[in-house]
Amino acid sequence: MVNCSSDLIVTMKIAVIGPGALGALFAAYLSRTVGNEIFLLDHYRQRAAEMNNRILLVDDGREFSCPLTITADAEVIGPADLIFLCVKSADVAGALSGARPLFFSESLLVPLENGISHLDILSPCDMAIGVTAQGATLLEPGRVRHGGNGLTRIGFRQTPSPKAEKKLNKVVNVLNSVGFITEITTEIDSYIWNKLLVNVGINALTAIYDCPNGKLLEEPARSRMLAAVREGELVAEARGIRLPHDPQETTLQVCRDTADNISSMLQDVRRSRSTEINAINGALLVEADRFNIPMPVNRQLVRELEHTLKLRSVPERLSKNALFP
Ligand code: PAF
């Protein structure tokens, strides 16, 4: 095992909320910068203590020990310059209320959730949404495998304050400096929907078929996946969202690029944890209803996933108010 280190000098207090796969991955990589203070906030006191102020990062077959402060007490962290929100969509409101001590007038919040249902809860002021294709699998609490260095895009949904804009430039530099390819976009809604449609196609089906992403390239899953994405595309069109790439082709490409990955939804089902079906296919159904767009394929996926969860005795939401999965 080797210690993470680098010679990068930057100075920000950065908090990552949520010790799931993505939160652990971001926290581990950020701990490689020198001069920044990096914190990971977990609502679970015992788990936070057991992680013992380090994340184990499995990357390219090697294991790295990445030191940082892990705590369940937001007061210990105090006001942070930059806050990455890495909890499940359904847990956003609870997580933010538990993390109040992190926020001050200069804080920049960067939510990285899958799906769209959390967007209405978040106030757009000085918040830049992140959409990432970084692959991460949580092997056990505090131990994460980096499954692929996908591009991260971050952008404001409304005109930001000059201070927030400057901070976002700094954030992007910090992420790039530790090898997370990151760019700023002025079209973040397009990328949110682009990722949503990939998740619509992949996540529920991998959970239903209990298979890695690459298996969806085979029939009958392939046709179902493409049909689900096509329905989503119709909703995006109705909403006036310009999709940057062909969503069906993008979804097929993600299946190829992440062929061995276990999707986040299948990871949740296998661990008997609540899934993000309501934030992904479920949220799409809500949007479709607004435009009277029939969604037989997505409706069926939601039904089948519910059935799968019942068979495996996974409650759809383990706890409505849980801060973290
Ligand atoms: O949720 C996931 O697992 C990921 O967003 C993706 C892109 C489907 C890859 O597994």
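## Tyrosine 191 and the model

Tyrosine 191 counts as buried, at 12% relative accessibility. Buried means under 20% relative accessible area, exposed means over 50%, and partly exposed lies in between (1.4 Å probe, protein chains only). The model is predicted: local features need pLDDT of at least 70, side-chain atom pairs count only at pLDDT 80 or more, and totals for chains, interfaces and linings use all residues. Residues are numbered from 1 along each chain as its sequence is written, and side-chain values use heavy atoms, with hydrogens and water left out.

Tyrosine 191 sits in helix H6 (residues 188–209). Helices (H or I, at least four residues) and strands (E, at least two) are DSSP runs, numbered from the N terminus. Leaving aside neighbours within four places in sequence, tyrosine 191 is in contact with Val131, Arg153, Thr185, Pro244 and His245. Contact means heavy atoms within 4.5 Å. Isoleucine 121 is 70 residues from tyrosine 191 in sequence. In space, the two are 19 Å apart, C-alpha to C-alpha.

The domain assignment gives domain 1 (2–185) and domain 2 (189–311). Such bounds come from an automatic or database domain assignment. The domain centres, taken over C-alpha atoms, are separated by 25 Å. Domain 1 brings 20 residues to the contact, and domain 2 brings 22 residues.

Between them, domain 1 and domain 2 bury about 1700 Å². Of this area, 51% is on carbon and sulfur atoms. Buried area is the accessible area (1.4 Å probe) that two parts lose on being put together, summed over both. Which three residues supply more than any others of the area that domain 1 buries against domain 2? They are Lys88, Asn114 and Ile116, with 39%.

## Polar links and composition across the interface

Two salt bridges are counted between domain 1 and domain 2. A salt bridge is a side-chain nitrogen of Lys or Arg within 4 Å of a carboxyl oxygen of Asp or Glu. Lysine 88 forms a salt bridge with aspartate 268, with the closest N and O atoms 3.1 Å apart.

On the side of domain 1 that touches domain 2, strands S9 (128–132) and S10 (135–140) each supply at least two residues. S10 gives the most, with six residues. The residues of this side divide into seven nonpolar, nine polar and four charged. Ala, Val, Leu, Ile, Met, Phe, Trp, Tyr, Cys and Pro count as nonpolar, Asp, Glu, Lys and Arg as charged, and the others, Gly among them, as polar.

## Salt bridges in the whole structure

A search of the whole structure finds 18 salt bridges. One joins the side chains of aspartate 189 and arginine 157 (2.9 Å, N to O). Aspartate 189 lies in helix H6 and arginine 157 in the loop between strand S12 (152–156) and helix H5 (162–177), so the pair ties together parts 32 residues apart in sequence. Aspartate 189 is partly exposed at 27% relative accessible area. Arginine 157 is also partly exposed, at 33%.

Aspartate 268 forms a salt bridge with arginine 273 too, the closest N and O atoms being 2.8 Å apart. Aspartate 268 is buried at 3% relative accessibility, while arginine 273 is partly exposed at 21%. Arginine 230 pairs with glutamate 233 in a salt bridge, with 3.3 Å between the closest N and O atoms. These residues are three apart in helix H7 (residues 221–239), so about one helical turn separates them. Arginine 230 is partly exposed at 34%, whereas glutamate 233 is buried at 13%. A network of salt bridges links Glu63, Glu140 and Arg143.

Helix H1 (residues 21–30) is largely enclosed by the rest of the structure, because 10 of its 10 residues are buried. Among them are Leu22, Leu25, Phe26 and Tyr29.

Arginine 47 is found in helix H2 (residues 45–50). Arginine 47 is buried, at 19% relative accessible area. The side chain of arginine 47 makes a polar contact with that of aspartate 42, at 2.7 Å.

Definitions and conventions:
Polar contact = N/O pair within 3.5 Å; in protein donor to acceptor, adjacent residues only side chain to side chain.
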